Amino acid sequence: MGRVTERRTVIRIRDGAVSTRPDTLVAEEPLEIRLNGKPLAITMRTPGDDFALAAGFLVSEGVLAAASDLRNIVYCAGATADGSNTYNVVDVATAPGVEIPDITLERNVYTTSSCGLCGKASLDAVRTTTRHPIADTPPLRVTPELLSELPDRLRAAQRVFDRTGGLHAAALFDEHGELLDVREDVGRHNAVDKLVGRALQNGDLPLSRTVLMVSGRASFELAQKAVMAGIPVLAAVSAPSSLAVDLAAETGMTLVGFLRGSSMNVYAGEERIALRAAAVRA
């Protein structure tokens with residue numbers, strides 16, 4: 001099976017001095033996801049948590065919503081012409097009776113943020129497809145002080161990043177700021193899929209009283225994955241896209257961006273942020 005990291009020899013130049021040294025790189029390999037034996041998608045990922053990644057991907061596609069929807073996930077033997085197993089192909093088998101949507105159509109409509117379709121079509125597709133509408137009752141409330149601590153907690157939990165500097169991460173926290181799970185991957189969307197897939201396998205969906213923290217920007221795709229898992233708060237260290245903000249507003253999700261130290265921007269769902277009224281200024 002592919003490793004999470006690989007070693008390469010590099011030429012290092014520092015202040016005019018040239019030397020060679022080994023360097024640790026994050027591994028990147030393709031993963032083909034098959035659904036009930038039929039090819040579905042290929043994603044470039046960091047090997048590891050492949051079954052969770054596939055399960056989480058299918059949550060975001062509206063195929064899986066609970067552990068009972070999943071029969072099993074296996075690596076495909078004979079994935080190559082010589083019959084060897086590359087551990088780069090997984091087959092997801094759904095439980096009897098699980099209805100399979102027109103996944104090709106769904107992905108074209110709302111998964112790829114650069115697909116060129118109108119934002120309204122994308123928003124409508126997510127809102128009508130999710131089986132876990134955001135419903136945190138009583139409403140989850142988090143303070144700016146708690147949110148400001150999450151990036152450091154996420155960074156402290158990134159074990160592979162310390163060796164490579166080349167991984168994105170996604171972490172799931174409870175409403176008190178306790179770390180529930182963290183996953184790393186060369187793709188930020190894969191890291192979120194791994195989190196959501198693990199939650200599905202453990203029977204924890206919907207994730208109705210959690211905060212999702214991501215290491216990069218908050219794209220429409222990441223917001224969509226959070227909504228499909230029923231996550232009420234998405235926080236990112238960088239900027240959100242306009243469509244991600246629209247989706248958060250449409251679905252009732254709280255979206256926080258540019259979360260750096262004590263500074264942050266709240267783009268939607270401000271009712272979940274415990275603000276002091278006197279501190280809010282136009």
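Is N36 buried, partly exposed or exposed? Hold that thought until the second view. Everything here comes from a predicted model, where local features need pLDDT of at least 70, side-chain atom pairs count only at pLDDT 80 or more, and totals for chains, interfaces and linings use all residues. Residues are numbered from 1 along each chain as its sequence is written, and side-chain values use heavy atoms, with hydrogens and water left out.

**View 1. Helix 6 meets helix 7.** Helix 6 (residues 188-201) packs against helix 7 (residues 220-228) at an angle of about 5°, and their axes are 10 Å apart. Helices here are DSSP runs of H or I with at least four residues, strands are E runs of at least two, and both are numbered from the N terminus. Axes are lines fitted to C-alpha atoms over the stretch in contact, with angles from 0 to 180 degrees between N-to-C directions. So helix 6 is roughly parallel to helix 7, a label for angles under 35 degrees. On the helix 6 side, R188, H189, V192 and D193 make the contact, and helix 7 brings E221, L222 and K225; contact means heavy atoms within 4.5 Å.

**View 2. N36, with a positive phi.** This residue sits in the loop between strand 3 (29-35) and strand 4 (38-45). Phi of N36 is near 50°, a positive value even though the residue isn't glycine. And the opening question? N36 counts as partly exposed because its relative accessibility is 38%; buried means under 20% relative accessible area, exposed over 50%, and partly exposed in between (1.4 Å probe, protein chains only).

**View 3. F258, another positive phi.** Look for F258 in strand 11 (residues 254-260). Its phi is near 50°, again positive in a residue other than glycine. At 31% relative accessibility, F258 is partly exposed.

View 4. Strand 7 (residues 168-174) pairs with strand 8 in the antiparallel sense, over six bridges; pairing takes at least two DSSP bridges between the strands. H168 has D185 of strand 8 as its bridge partner. Four residues lie between the two strands of the hairpin, and G177 in the turn has a positive phi of about 90°. Strand 8 (residues 179-185) has five of its seven residues buried, so the rest of the structure largely encloses it.

**View 5. Two cis peptide bonds.** From T137 to P138 the peptide bond is cis, with omega near 0°. P138 belongs to the loop between helix 3 (119-129) and helix 4 (144-156). The bond from L205 to P206 is cis too, with omega near 0°, and P206 falls in the loop between helix 6 and strand 9 (210-214).

Key
Angles under 35 degrees count as roughly parallel, over 145 as roughly antiparallel, 65 to 115 as roughly perpendicular and the rest as oblique.
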